[in-house]
Amino acid sequence: MRAIKIPALPQRVRRAVEDLRRKEDRLSLLLSLVIGALVGLVVVAFILLTGRLTTLTYLSGGSSWQRVLVPIFGSLVAGYLLYKYFPLARGSGIQQTRAALFIHDGRISLRSVVGKFVTTTLTLASGIPLGREGPAVYMGSGMASVIAHKLGLSRLQIRSLVPVGGAAAFAAAFNTPIAAVLFSLQAIVGDLHAPVLGSAVLASATSWVVLHLVLGDNPLFHVPAFHLVSVAELGIYVVLGVVGGLTSVAFVKLLLWLRAAFTRLPRTSLWIQPVAGGLTVGIFAFFVPQVLGVGYDQIERVLNGDVALKAVLILAALKIIASSVSYASGNSGGILGPTLFIGSMVGASVGAVAHLLFPASTAGPGAYALIGMGTAFAGTIRMPLTSVIMMFEITRDYRVIAPLLIANVIAFFISQKLQKEPIYDALAHQDGLHIPTRPGGAQPGIRRVSTAIREAPGSLNPEMTVGEVALLVTDSKFESWPVADELGLVGMVRTRHVAAAQKQGREDMTIERLMQIARRSDGERSVDLPHVHNDQPLSRALARMRDNGHKVLPVVSRANARIMLGVVTLADILEEYGVERADQLDYKDHPDL
Amino acid sequence: MKTPLVQPAQPPAATVSEFIATFAVILVAIAGLLLFDSALATVDTNARKAFAAKEFVTGERLIARGKIEEAVDRLRAASTLDGDNAAYGIALAQATLAGGHPRAAEQMLLPLLERDPADGPANLAMARVLAKEGRNPEATSFYHSAIYGLWPQGAEMRRTEARFELIDLLARENSRKELLAELLPIQDDSTHDVARRKRIANLFVVAGAPTRAVAIYREVLRRDPRDAEAYVGMAEAALSLGDFATARTNLVAAQKLVPTDSSALQARVVLADSVISLDPTQVGLSLPEQVRRSRNLLQMTHLSVRKCLGVQAPQVAAALDSAANALLLSPARAGQAQSIEQNISLAEQLWGLRRSRCAPDRVDGALALIHNRIAQ
């Protein structure tokens, strides 16, 4: 979009604007309000349009065949649009937002934002059971980025506004302004104490006000008052925490496994892959219509005690499969909505069984469904505190806190034990994105890899033989060499390994084979692609060298770990720290040595 | 040699004009989106409300046909689609109650009452739920809130209905004082509604205020001397007052007006005759007759107590037997008048014991009426 120019401006206005641009605090305050309002309105439009189109699509429930065909057709059209026009709009949007923030200096294009809006609306309206919140966060962050860029703000200012937009979007999507701030800081920035806290709060509050202005004071779910019937009931919430944690792990593992399988398919099939999700949903919906869509109406029914044990168990299982396939196959939509759905069904199941066994000392299944949502959020998204605040904001009932905390912490602990990598990190890794878990920032006194990076000495082809490579590397001062194929970096090979293989007379062995043998002998230390990123501290590079045994590490792009930006060597790191190596010491200056 | 390999590009800084223009575009976009969203929200709200109304009507029809479960589904849909309409939530709660789930119904009503504590229909629904659960003191409180609450239409009629429901509850509980307190404010209401007047009069009898009932029945009979129901009511009030002769006269009058349906009436006439023949306090009786009746009363009361306590406390019953027999068999040493007093006094004490220890028995109807009169 080209910036619009307006003719002559009065000098006074010009001075005021220049003054505003100079005072970053004031500008940040103003932009937080503007972004909050704009994002809130866009998300409200998104929610209303999605809901309206879904209602029109499935007027009076729709026939059985309509329930099969519409998701297939919807995913086919959305898949084509994603492939042809909006490749960045696939999936949830959370990891894309993080990638934009940490890798692309906060840049998200208007095209991606529009693409996310269009494709997600289409996907959700066709009944694909994915959430609207992740995409909303991406749109919010994207709008903040676009606005900041168009206003000609600095790279730092653009980056600081991305989570602000995300918070505003989350607040409008879930009607939970406090949880929105926490989510944005935790999931996007990775730091609850980030300096953007104030702006995020302001934007979130503004967005929430806009939501209320347009849609009124309607919580996401109308929930009956929560009450703990007996103290012994807390024991059942412990069980719910365990079940919720295990279910979350199952959901995450299935989703990641399916996604890995889809990423191995040829790139030419990208446009048709989402249909796998549509087809799965269609087949399920033929028999069980409640599988369609994000299912918030179904959640509300369960929260209000409308629970049949068999039905909620079936729905939980079908939703886990349908949402996993839909997401993994590349449909545009988030996992927050399905997570809440699965959690509520699992919670209702536990509650129904508990109420059956101990009717006098337990609340109805609806109360458990509520806590179940929290446990699924804590277990899947790995944000137990955000989950507690979110549920508190949804119920507006303080009594929910104690059981929620207990169940959430247990679910979080189980999930952390059984699924090491949080879902958004794992998804980013599958996309080849290496996003930092915490923001780097410009902390004084910390030396970064970028200060010690040097050009790579060249790279070896994995098809080269030991004999060929030995000629190149024997006299080199580098103790490890990068190995790359036509798609980029594949690993590092040590000079001493090449020399050893040559000594053993295995000159015809390929470098690829040599790397495999080295990896096997390294055992636990082995990492497929040892690397560091430009923005990481040098201490991290040292630790990685210790872990992998390489004295040379490739520095790779966060956007694609196979793109090598350069290398960093142990000698350079030591030099950067001002440490002289023993072989370079001038003994005349150190008579004691 | 090390070289800085990555140099992030700085975005171009906009000029002041571009800055202002971009801001203007954003503000226009906000205004446009606000209009668009408002329009969309209106369309959405109207569509949801219309659909909710349809579901509500269907739900009500299903309730009328006794299909409670299906009705609950429809009403739940209506309530979810239009959460602002408390009538849907109340109907859903009432259907849930009818489906045998009072706790769930209670949970549904709580948020409605939280939103508007003065909502008459919601308070009435909650009172019904609590009454069904046997939580009568709480139910009474919600009935009062319904009576004094706000009603969207037909407020007076709905308030009276709520009050009569409360009155029925109190009558079932035999909470006489509370019942009387509810009846007094409406005793002069609905002077043209004869059925309601008779109902109020009947409830006054239950509340232990038969005099007020008599006054209402007199007024009803003055307007229509051929109202058999009023005669019966008058008779019941007279029985409560201990005016057995008047009661009998009114029952016979009613019998004459409805000769075809007189079996129940005949039973009441027989009862009236019994009490008239048993009552030792009746005016104009000779002393020997009073003695005979008082001994008879003591014997009957003793038997009634014996029948009840014999099962509950055999030792107490045996002691009572010997005491009563000793009194009944001994000659009246202190004269007939004192004997009458002693017999009646002991009978009263025994009756008090019976009332405190045993459940009422219809067989003892006449005995109860006589003791009631003696107590007056």
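**Notes on the two-chain model**

1. Arg382(A) sits in the loop that links helix 15 (365–380) to helix 16 (384–395) of chain A. I'd look here first: this is a predicted model, and the phi of Arg382(A) is near 65 degrees, a positive value in a residue other than glycine. Most residues other than glycine have a negative phi. Buried or exposed, then, at Arg382(A)? Arg382(A) is buried, because 23 other C-beta atoms lie within 10 Å and the cut-off is 20 or more.

2. Asp105(A) deserves a look as well, with a positive phi of about 55 degrees although it is not a glycine. You'll find Asp105(A) in the loop between helix 4 (94–102) and helix 5 (110–125) of chain A.

3. On to helix 11 of chain A, which covers residues 274–287. Over 14 residues, helix 11 of chain A reaches 21 Å from first C-alpha to last, close to the 20 Å expected at 1.5 Å a residue. The helix is mostly covered, with ten of its 14 residues buried.

4. The axes of helix 3 and helix 11 of chain A come within 8 Å and cross at roughly 170 degrees. An angle over 145 degrees counts as roughly antiparallel, so that is how these two helices of chain A run relative to each other. By class, the contact has 13 nonpolar, seven polar and one charged residues. On the helix 3 side of chain A the residues include Ser64(A), Arg67(A), Pro71(A), Gly74(A) and Gly79(A). Helix 11 of chain A meets them with residues including Val275(A), Gly278(A), Val281(A), Gly282(A) and Phe286(A).

5. Zooming out, chain A is divided into domain 1 (11–215), domain 2 (233–430) and domain 3 (449–582). The centres of domain 2 and domain 3 of chain A, taken over C-alpha atoms, are separated by 42 Å.

6. Chain B comes to 17 helices and zero strands. Of its 376 residues, 37% count as buried. Among contacts in chain B between residues at least 6 apart in sequence, 50% join residues at least 24 apart.

7. Where the chains meet, 37 residues of chain B are in contact with 50 residues of chain A. Which elements of chain B give two or more residues to the side that touches chain A? They are helix 1 (16–64), helix 2 (68–81) and helix 4 (102–115) of chain B. Helix 1 of chain B gives the most, with 19 residues. The side of chain B that touches chain A divides into 24 nonpolar, eight polar and five charged residues.

8. Last, the domains of chain B: domain 1 (177–278) and domain 2 (287–375). Their contact takes seven residues from domain 1 of chain B and nine residues from domain 2 of chain B. On the domain 1 side, helix 11 (228–241) and helix 13 (263–278) of chain B each supply at least two residues. Helix 13 of chain B has the largest share of that side, four residues. The domain 1 side of chain B divides into four nonpolar, three polar and no charged residues.

Methods:
Residues numbered from 1 in each chain as written. Chains lettered and ligands numbered in written order. Predicted model: local features only at pLDDT ≥ 70, side-chain atom pairs only at ≥ 80, totals over all residues. Expected span 1.5 Å × (residues − 1). Buried ≥ 20, exposed ≤ 12 C-beta atoms within 10 Å, placed from the backbone. Contact = placed C-beta atoms within 7 Å. Domains from an automatic or database assignment. Nonpolar A, V, L, I, M, F, W, Y, C, P; charged D, E, K, R; others polar. Axes fitted to C-alpha atoms, helices over the stretch in contact; angles between N-to-C directions. Parallel < 35°, antiparallel > 145°, perpendicular 65-115°, else oblique.
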